[in-house]
Amino acid sequence: MPEGTKRRTSDAGLQSRPEGGRAGWPGIRDDGFVQRLPQATATTPLMALAMAGLLALPSSHAAESEGIHYSQRDFGGVGLMQMPSARMAPEGEFSFFLNRTEPYTRGGFVAQPFDWLEVLFRYTDVSNRLYGPSIAGDQSYKDKGIDLKLLLSEEGYYSPQIAVGAQDVAGTGLFSGEYLVLSKQWYELDFTLGMAWGYPGSRGGLTNPFTLLSSRFDHRDGFEGTGKFSLGNYFSGQEVALFGGVEYRPRWAPVTLKLEYDGNNYQHEPQDNLLEASSPLNVGLVYHVKPGIDLHAGYQRGNEFMLGLTFYTNFEASKGQPKLLDPKPVPVGNPPPPDQKTDWPALAERVERQSGWHVTEARVAEHELILEGEQTRYRNRAQGLGRASRVLASEMDENIRWFSFVESDKGARLSQISIEREAFTKTVNHEQEIESLPRKVIVSRPDDHGKVVYTQDIDPFRFALKPGLIQSFGGPDGFLLYQFTAELGAEYRLAENTWTSGQLTAGLFDNFDKFQFTAPSNLPRVRTHIREYLTTSDVRLDNLQLTHLEQIDDAWYALGYAGYLEGMFAGVGGEVLYRPYGERWALGADLNYVRQRDFDMG
């Protein structure tokens, strides 16, 4: 039996959260459903004492904090203004941010893959410094960086939420620094107190506590611009700075008000770009325009205004939601009479139209209907199964008490999921709670029981025409180089588990006339000839290969392929995958022999 899981039904069908598959092995995923539960100043010590007292306050009732969306800081990621907080976005959230505070324009992407991990990629434009190389002309300086934040402890009734993070851990390291931060909510107020090293802690004022443990932490190297991980710098330096602030989220208005004590004194900016700071206090406002859009405004350093914009969505929450072109789900009503003959081709066609489940074989056992096939539309497996079960519950007579689905992909049989009809029908019709449904779902190894009543082949030829975008950020030729394309992809099945596939890409319009720079390299070149590949021809054969997949037994799979494997390289390769049935892990290895293709990708 699978693990119990809290799920819900929607217009799209049965909702659940599937495990992700291994890249390169389409459809090979976990077989079970996954459980879802639900410079120092005199104000520094005074601020610390005040914050320490406030953090000891008990939280308001938990229900009062539900539905809060924590806003982004200037550097990206959840926080105050310049400084981070210990708060995290909901798991699965992805956001884009853009803001301006003289002389910096910052923009980037923030991902929350887990509830305990925040990752962001950021570009910073420094408007009063030049890029450097003569090819860049008067283009302003660009810097890129990557930040990480880890949740150490969730907020309790009396205890604060605690997080640790590193800013600019990879890239040039211009704005690198680390921090330990606590946040505590009290009714509509959310307090933050933290300690920062490096750039965000350049105000100093306190001795670095780690220097008491080891002399290794006494010295922090300056900026070298190498883009390496400077492990020796982490949490090092003679002094650290306290920072903190408070956010006010009134229930009566879609705004968040912020007051922040900044840990940076702006006299240690990279590139000798010293900035005047009249005050360590920053104030700001976030206007939540609608779910998914935030507008930011503030007054920082006592002399500069800030404006910003954040777009966000949640891939986890939106997974399985109905799409614009999805057919309307089939209502579940009374079953047909037992003597009604089943039109199997029509049933298979309706199942595929509703659920994306292409039926290759139907079998009937005692009180059970088994459909074998491939899911061709929904990444969320449960969504396809829910929609298919709605069709079966409406068209199969009441003698069929179980619906079983054997999922296969390119000839590899992956799992069998059986759903009790009565439990599914009652759940969809809101006659019982969704929590009771998992007890009536069985996940097992595929088998061949039952009498075959219908078979059909998979259409051997499939193709798709779609738009594409190729872009390059931050190069000396221009901050954004782009090419809009039309991509024609096709696949032809020579056998159930052998196919040839390819993609033809045509450039439609671009600004690649600016693309003149070929990056230097002291190593054998792999990707640094990207300019030559993208500008030599307007029509490119990106991929053309022959692939064969073999399922050796229940746990072993093998894959072989040859051809133009991608845009720059062609060759032959193979993979083996050991995936024990029912486990949450797998081991794989691949080996490829490739040679570089000509710049003309015709």
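## Model and conventions

This is a predicted model: local features need pLDDT of at least 70, side-chain atom pairs count only at pLDDT 80 or more, and totals for chains, interfaces and linings use all residues. Residues are numbered from 1 along each chain as its sequence is written, and side-chain values use heavy atoms, with hydrogens and water left out.

## Overall content

The protein chain has 6 helices and 28 strands. Both are DSSP runs numbered from the N terminus: helices are H or I with at least four residues, strands E with at least two. Of the 602 residues, 48% count as buried (under 20% relative accessible area, 1.4 Å probe, protein chains only).

## The open sheet

An open sheet holds 7 strands in the order β22-β23-β24-β25-β26-β27-β28, with antiparallel pairing. Its edge strands, β22 (461–475) and β28 (587–596), each pair on one side only. Two strands pair if DSSP finds at least two bridges between them.

Inside that order, β24 (residues 498–510) and β25 (residues 539–551) pair in the antiparallel sense over 9 bridges. S501 has Q545 in β25 as its bridge partner.

## Helix α5

Helix α5 (residues 421–428) is mostly covered, with 6 of its 8 residues buried. These are R421, A423, F424, T425, T427 and V428. H430 follows α5 and has a positive phi, near 60 degrees.

Methods
Buried means under 20% relative accessible area, exposed over 50%, partly exposed in between (1.4 Å probe, protein chains only).
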